[in-house]
Amino acid sequence: MLESIIQNIINALQWGSFYALIALGYTLVYGVLTLINFAHGDVFMVGAYIAFFVSTFFLSALALPGWVALALCIPLTMILTAMVGVTLERIAYRPLRKKGAHRLYVVITALMCGLILEHANLAILGASRKAFPPLIEVHVYNIGGVTFTNLKVAVIITAILVFLFLHWVVTKTRVGMAMRAISYDKFAVPLMGIPLDQIIVVTFVLGSGFAGLAGLLFAMSYPVLDPYMGALIGWKAFIAAVVGGIGDIRGAFLGGFLLGAVEIMVVAFFPSTFRDLIAFSVLLMILTWKPTGLFGIAKTTKI
Amino acid sequence: MRRILNVLLISSIAMMLAVPAMAADTIKIGFNIPMTGDIPKVGESSKRSAEMLKADINGAGGLEVGGKKYMLEFVYEDNEAKAESAVTTALKLIERDEILAMIGPNSSKQAVPAGQIADDNGVVMVSPWSTNPDTTLDRPWVFRAAFLDPFQGPVAVNFAVETFNAKTAGVLYDLSNDYSKGLAEIFKDVFETKMGANTVLAFESHGTKDQDFSAQLTKIIATKPDFIFVPDNYNQVALIVQQARQLGYKGEFMGSDAWGSSELMTLCGDVCKGLHFSTHYAAAGATGATKVFIDRYTAKYGETPDDVAALTWDATRVVLLAVQNAGKLTGKLKKDRKAVRKGMQAIASFSGITGNMKFDDQGDPVKCAVVVQISQTGEFEFKKSVCP
């Protein structure tokens with residue numbers, strides 16, 4: 001019994017890591033722009049596909065060993081995915097923002113961008129799934145009946161490092177200070193000489209870059225890629241971000257792990273048929289108790 | 001100038017009027033298949049197989065019905081592997097495209113709801129791949145080319161008990177898929193009747209879009225079953241088997257016919273080698289007409305036909321046979337559709353490439369199943385044949 005609980009904690013940490021990594025992207029953009037970037041789940045999907053093409057290229061065209069390919073794949077995937085995110089901001093969100101469109105329209109635009117990414121992928125690459133090539137050899141370790149793989153540990157550690165990095169960026173750097181300032185008042189801040197657009201681009205670079213990293217790790221852990229893979233996990237990561245308190249880095253991180261843990265533990269102790277029913281009821285109760293999420297601060301709308 | 005225009009106008013109107021007259025010489029069959037969505041390979045196989053058959057018949061001058069040759073026209077519509085889309089696709093085919101009969105949907109998740117539409121509208125529907133009993137149950141217009149889950153379930157149970165010496169089992173299935181859920185329940189009933197109560201140690205489910213099965217698998221593995229029965233689509237099988245191995249499970253798996261896609265091995269790779277599943281036919285080691293079909297398909301498309309391809313071939317041929325049995329086509333859609341249904345019932349026995357079949361009262365074929373093992377080269381090798 002004990003080992004099965006520890007096993008499930010490891011499972012939950014791995015699964016929660018993905019929610020956390022994606023939720024961080026939601027929360028960064030929301031924190032700065034108060035925009036719910038619903039295309040984020042699909043940016044994650046694009047990241048997984050970019051990782052697929054980059055790694056296949058390194059493995060087959062250049063015949064590099066797996067670990068070299070991985071080492072090259074990580075920065076390249078992050079850069080390319082960040083470019084996708086920035087492009088979205090540039091062609092879809094910025095024009096609307098410049099015209100002073102209501103937030104609602106930007107959110108709908110984001111939803112459409114997500115669908116465009118999905119269906120463009122479907123049209124270009126076809127509907128058949130891609131199998132992600134194994135980059136590193138997966139070792140299975142067994143300690144006292146609890147099994148884990150080197151990949152699982154790497155995923156969990158990466159999620160924690162990314163959180164620490166982003167937390168540091170937001171709280172300790174000048175860019176982070178500018179982000180928080182824009183979040184506080186985006187009309188007064190540009191008057192102080194802070195370049196609004198550049199800070200927003202940095203936000204999208206960070207959010208999308210780590211979505212790309214999440215895509216790469218996800219593809220390594222679950223090596224079957226399809227155009228819709230980002231939709232559901234993106235929605236759930238959004239829920240995680242809301243439960244954690246959207247706009248707060250710690251909230252997204254904890255919310256991601258919380259959702260992962262709730263989903264896994266419900267299956268572990270109840271019939272798996274009820275998983276989503278129980279999992280989301282728990283989250284609903286958390287939100288009823290604390291409507292702004294675990295770390296959220298209630299804001300009043302200024303007129 | 002005006003004169004020329006007038007001539008052009010008149011001749012184009014004449015052309016338009018002439019089209020329906022020409023259309024009377026074609027037979028339209030609709031295909032309600034998943035070309036995108038969860039199982040796009042299934043749709044692709046169906047389409048490839050149908051195209052090959054169409055080329056054969058149209059190449060020979062068309063299908064002869066009542067002394068007259070008709071050209072075939074196949075209409076392929078994508079149902080996105082969704083239940084609701086399968087319904088709208090069926091309606092579109094029946095009403096807009098005015099098809100004579102419908103092939104598909106393939107998987108039970110879509111075939112069960114689409115079957116209702118076909119039955120209500122009085123159009124013959126033949127599902128190539130659906131194995132859930134509800135597809136044809138009490139629907140006189142709906143037929144199928146595959147065997148049923150109540151037959152496939154016992155095949156899996158008996159094979160596992162004999163080959164793995166299994167006394168206990170674990171089950172992991174897709175809750176939102178009629179096929180998977182139905183088969184899992186039948187399996188559980190049959191296994192527990194045979195081996196005693198509570199011998200299915202774990203009975204766990206997941207959702208269609210899930211990618212992480214670690215919690216369910218941890219629970220199943222903790223009960224230490226002799227094997228795990230996974231009646232899931234091939235894309236999920238790839239993830240389930242891999243994750244089970246990463247959780248330290250070393251035992252056997254038993255699969256069902258939804259495993260049998262040529263894409264299984266590209267997605268699953270080495271971890272799936274050596275596993276068994278029950279299916280409709282085994283491509284490796286086939287003889288006779290089946291071998292001819294396999295060779296031609298392989299030559300044309302560069303891959304071994306999976307069982308959906310073979311079953312679509314059979315299903316389409318059954319429908320065409322029924323059309324021929326109808327005797328004569330009047331061009332009146334309602335009357336012809338009725339005649340096709342009479343033609344279906346008139347088929348005493350049909351020798352297809354997936355085995356001989358005859359249809360019972362419910363429109364289900366009585367035919368054999370095979371159990372195959374995935375070989376070290378990734379081929380589906382014949383292991384055992386089980387007949388009703």
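Start where the chains meet: the contact takes 29 residues from chain B and 24 residues from chain A. On the chain B side, select α2 (40-59), β8 (200-206), α7 (214-222), α8 (234-246) and α9 (264-268), each of which supplies at least two residues to the face touching chain A. Then zoom in on α7(B), which gives the most to that face, with six residues. Colour the chain B face by class and you get nine nonpolar, 14 polar and six charged residues. Keep in mind that this is a predicted model; the predictor gives the complex an ipTM of 0.87 and a pTM of 0.83.

Next, colour chain B by confidence. Its mean pLDDT is 88, with 94% of residues at 70 or more. Where pLDDT is low, the predicted coordinates should not be read in detail.

Last stop: select helices α3 (residues 83-96) and α4 (residues 108-121) of chain B, which pack at about 30° with their axes 8 Å apart. That angle is under 35 degrees, so α3(B) counts as roughly parallel to α4(B). The crossing of α3(B) past α4(B) is right-handed. Show side chains at the contact, including Val87(B), Leu91(B) and Ile94(B) from α3(B) and Pro113(B), Ile117(B) and Asn121(B) from α4(B). By class, this helix contact has ten nonpolar, two polar and one charged residues.

Key. Residues numbered from 1 in each chain as written. Chains lettered and ligands numbered in written order. Predicted model: local features only at pLDDT ≥ 70, side-chain atom pairs only at ≥ 80, totals over all residues. pLDDT = per-residue confidence, 0-100. Contact = placed C-beta atoms within 7 Å. Helix = DSSP H or I, 4+ residues; strand = E, 2+ residues; numbered from the N terminus. Nonpolar A, V, L, I, M, F, W, Y, C, P; charged D, E, K, R; others polar. Axes fitted to C-alpha atoms, helices over the stretch in contact; angles between N-to-C directions. Parallel < 35°, antiparallel > 145°, perpendicular 65-115°, else oblique. Left-handed = near helix turned anticlockwise from the far one by under 90°.
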